[in-house]
Amino acid sequence: MTLNVDLGALNPQDRYKLLTAVVLPRPVAWVTTISPSGVINAAPYSFFNLFGKDPALVILGLEHRADGSAKDTTRNIRDTGEFVINIATPDLMDAMVDTAAAYVPAISETGALGLATAPSTHVKPPRLADVPVAIECRRIDVRTYSAEREIVIGEAVGLAARDGLVDPSDWHVHWNGDYPIARLFADRYARLEEIAPRSIPPAPPLRGENL
C-alpha cells in the first residue's frame with residue numbers, strides 16, 4: 001500500500017522534516033563571507049548544489065531567523081556580493097558543525113573556533129585553509145519566495161585546491177577515497193563511498209534502421 005502525502009497540507013516544519021529525510025545525501029557548502037567591517041563569518045548550508053557550467057552556477061538556500069531577519073551569511077552576501085564555498089571532508093565535520101552556532105554578528109566563527117583561513121584570489125572573503133578545495137563565488141541573482149528563505153545564485157569564478165587534489169594536465173580530481181562529507185537529515189551526516197563506474201549505453205537504432 002502506498003502512502004500519498006499532500007505536502008501543501010503539512011506545516012512547514014513537518015514538510016522540511018519529511019523532504020530532507022528523502023532527498024539525500026545533500027552536499028554541504030561551508031560558506032565563508034566577510035562583513036563590510038571585516039568580520040569573517042563561517043556557516044554550513046546543505047541546501048546547495050552546482051547548477052551549470054557556462055556560466056558556472058551555484059545555488060544556496062539561505063534560511064532566515066524565526067523573526068524573518070537575515071543571518072550573517074545572507075547579510076554579508078547582500079552587502080558585498082561575494083562568498084566562498086568550502087568543501088569539508090569527514091575529519092572537519094566537528095569544526096563545521098560548531099560554526100552553525102548562533103554567534104552574534106560582531107564575533108567571527110573562525111576566530112572563536114581557531115579556524116585557519118587563507119586569502120582568496122578572486123574575491124575578498126577568505127577560504128578555510130584546512131579544507132581540500134574551496135570555490136570562490138560572486139552573487140549574480142537573489143530570489144525571495146517567503147520570509148523564511150532566500151535563494152542566492154552565484155557564479156563560481158575561482159577555485160583553490162590542496163596540492164595533489166587536481167591534476168591541471170587533464171583537470172581530473174583525485175579524491176583517493178577521501179570524499180566530502182554529505183548531509184542526511186537532522187543531526188545525521190554521511191561518508192561517501194564510490195560505486196563502480198557506469199557508462200551511458202549508446203542509443204538503440206531507430207525503428208526500421210538497417211542493422
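Predicted model: local features only at pLDDT ≥ 70, side-chain atom pairs only at ≥ 80, totals over all residues.
Author: Local features here need pLDDT of at least 70, side-chain atom pairs count only at pLDDT 80 or more, and totals for chains, interfaces and linings use all residues. Residues are numbered from 1 along each chain as its sequence is written, and side-chain values use heavy atoms, with hydrogens and water left out.

Reader: Why is L7 called partly exposed?

Author: Buried means under 20% relative accessible area and exposed means over 50%, with partly exposed in between (1.4 Å probe, protein chains only). L7 has a relative accessible area of 32%, so L7 is partly exposed. L7 lies in the segment before α1 (12–22); helices (H or I, at least four residues) and strands (E, at least two) are DSSP runs, numbered from the N terminus.

Reader: Why does F51 count as exposed?

Author: The relative accessibility of F51 is 53%, and therefore F51 counts as exposed. F51 sits in the loop between β4 (48–50) and β5 (57–63).

Reader: What is F51 in contact with, leaving aside its neighbours within four places in sequence?

Author: With those neighbours set aside, F51 is in contact with L57 and I59, where contact means heavy atoms within 4.5 Å. F51 and I153 are 102 residues apart in sequence, and their C-alpha atoms are 9.2 Å apart in space.

Reader: What makes a set of points a pocket or a cavity?

Author: On a 1 Å grid over the protein atoms alone, a cavity is a set of points where a 1.4 Å probe fits but cannot get out, whereas a pocket is an open set with protein on both sides within 12 Å along at least five of seven lines. Lining residues have an atom within 4 Å of a point.

Reader: Which residues lie nearest the centre of the largest pocket?

Author: Y16, Y45, E63, K71 and R149 do, out of 35 lining residues. α1 gives the most to this lining, with six residues. The volume of the largest pocket is about 1,000 Å³; a volume is the space filled by probe spheres set on the points, which are joined across faces, edges and corners.

Reader: How many cavities of 30 Å³ or more does the structure hold?

Author: The structure holds one. The largest cavity has a volume of about 40 Å³, and its lining includes S35, D72, R75 and N76. α2 supplies the largest share of that lining, three residues.

Reader: Which residues of α2 are buried?

Author: D72, T73, T74, N76 and I77 are the buried residues of α2.
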